[in-house]
Amino acid sequence: MSVAQPAAADPTRPGWHPWRDPLLWLAAGFAVLVFGLPLTKPLFAAWFPQLERPFYEADSFPALVLAHVLLVGASSLIAIVIGVAAGIFVTRRSGAEFRGLVETVTAMGQTFPPVAVLAIAVPLIGFGAWPALIALSLYGLLPVVENTIAGLEQVPPAARDAAEGMGMGPARRLWSVELPLAAPVILAGIRTSVAINIGTAAIASTVGARTLGTPIIVGLNGNNLAYVIQGALVVGTLAVLADLALGRVTDLLQRWKRA
C-alpha cells in the first residue's frame, strides 16, 4: 500500500508559493530531463568510452514518454473501472458472498507475473500494445479492489443511517455519501496501482510495445549500460512525479473529508 507522505503544499490555500512547491519543481525537472536528455550525449560518451553509441537515438524520449503514459493511462483506467465496480459489488448485500472469490482472483492477477501474461497473450492477439494492456490491467487490479472495499467499509454507519433517513435510495446513498467519504482510501489504492504500472509497463517493450522500457531492453540485449541508465532514469522520475501528483489529490480529499 502507499507509504504515508508528509503533508504537501496546498495550492488552494492563501500564501501558497509555486516556487516552494516540490510537485511543480519535480514536474519542471522532469520536462527538462526528457527534452534535455540529448544534451547529455557528450557526458555519456565520456562515461562509456568503450561504447560506439552511448546515447539512445532510435526514438525520441518525449515520444517514448507519451507512448508510456498512454499505455499506463489506458491500463490504469481499465483497472480502476473494474476494480472499483468489483469493490462496490462485494460490499453490497447482493454480492457479499462473492467477496472471497473476487479477492482471490484479483490477488492471483498480481501474483501471476506480467511476463507470463504477455507470453500467453502474444500467440493469441499478436505483438504490440494489446498484450501489454491486458497484463497491466490485471496487474493493477488488486490495490484498487482492496482499497475500494476498505474505504466503503470505513464509512461511518451513522452517515449511512442519516442518508437513509433523508429518503435516499441505495444508489443515491452510494454515489452521494459512501463513495465521497471512501474516496481518499480508494485514491490511495489507485495511486499504488498507477505507480506499479508505470514501472511494470517497461517490460511491455519485450513484446513490441513502444514504451520507456525500449532503451532498457535494447541496452540489456546489446550490453549497453548507458541505454539502461537513460531509460531507467526517465521511468523512475515519471513514477515519482505521478505518485506525488496523486498524493496531492489524496491530501486535498482528506482535507475536504475532515472539513
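**How the helices pack, and where a cavity sits**

Author: Helices H7 and H9 are roughly antiparallel to each other. This is a predicted model, in which local features need pLDDT of at least 70, side-chain atom pairs count only at pLDDT 80 or more, and totals for chains, interfaces and linings use all residues. Residues are numbered from 1 along each chain as its sequence is written, and side-chain values use heavy atoms, with hydrogens and water left out.

Reader: Why are H7 and H9 called roughly antiparallel?

Author: H7 (residues 141-153) packs on H9 (residues 170-200) at an angle of about 150 degrees, with the axes 8 Å apart. Angles over 145 count as roughly antiparallel, under 35 as roughly parallel, 65 to 115 as roughly perpendicular and the rest as oblique, so the pair is roughly antiparallel. Axes here are lines fitted to C-alpha atoms, for helices over the stretch in contact, and angles run from 0 to 180 degrees between N-to-C directions.

Reader: Which residues make the contact of H7 with H9?

Author: Among them are Pro-143, Val-144 and Asn-147 of H7, and Leu-174, Glu-178 and Leu-179 of H9; contact means heavy atoms within 4.5 Å. By class, this contact has 12 nonpolar, six polar and one charged residues. Ala, Val, Leu, Ile, Met, Phe, Trp, Tyr, Cys and Pro count as nonpolar, Asp, Glu, Lys and Arg as charged, and the others, Gly among them, as polar.

Reader: What makes H3 oblique to H6?

Author: The axes of H3 (residues 61-90) and H6 come within 8 Å and cross at roughly 45 degrees. That angle makes H3 oblique to H6. The H3 side of the contact includes Leu-71 and Ala-74, and the H6 side includes Ala-132 and Leu-136. Its residues divide into eight nonpolar, two polar and no charged.

Reader: How do you know how many cavities of 30 Å³ or more there are?

Author: A cavity is a set of points on a 1 Å grid over the protein atoms alone where a 1.4 Å probe fits but cannot get out, and lining residues have an atom within 4 Å of a point. By this rule the count comes to one cavity of 30 Å³ or more. About 30 Å³ of space lies in the largest cavity.

Reader: What lines the largest cavity?

Author: Its lining includes Pro-114, Leu-118, Thr-200 and Ile-203. H6 gives the largest share, three residues. By class, the lining has seven nonpolar, one polar and no charged residues.

Methods:
Helix = DSSP H or I, 4+ residues; strand = E, 2+ residues; numbered from the N terminus. 1 Å grid on protein atoms, 1.4 Å probe; cavity = no way out; pocket = protein on both sides within 12 Å on 5 of 7 lines; lining within 4 Å. Points joined across faces, edges and corners; volume = space filled by probe spheres on them.
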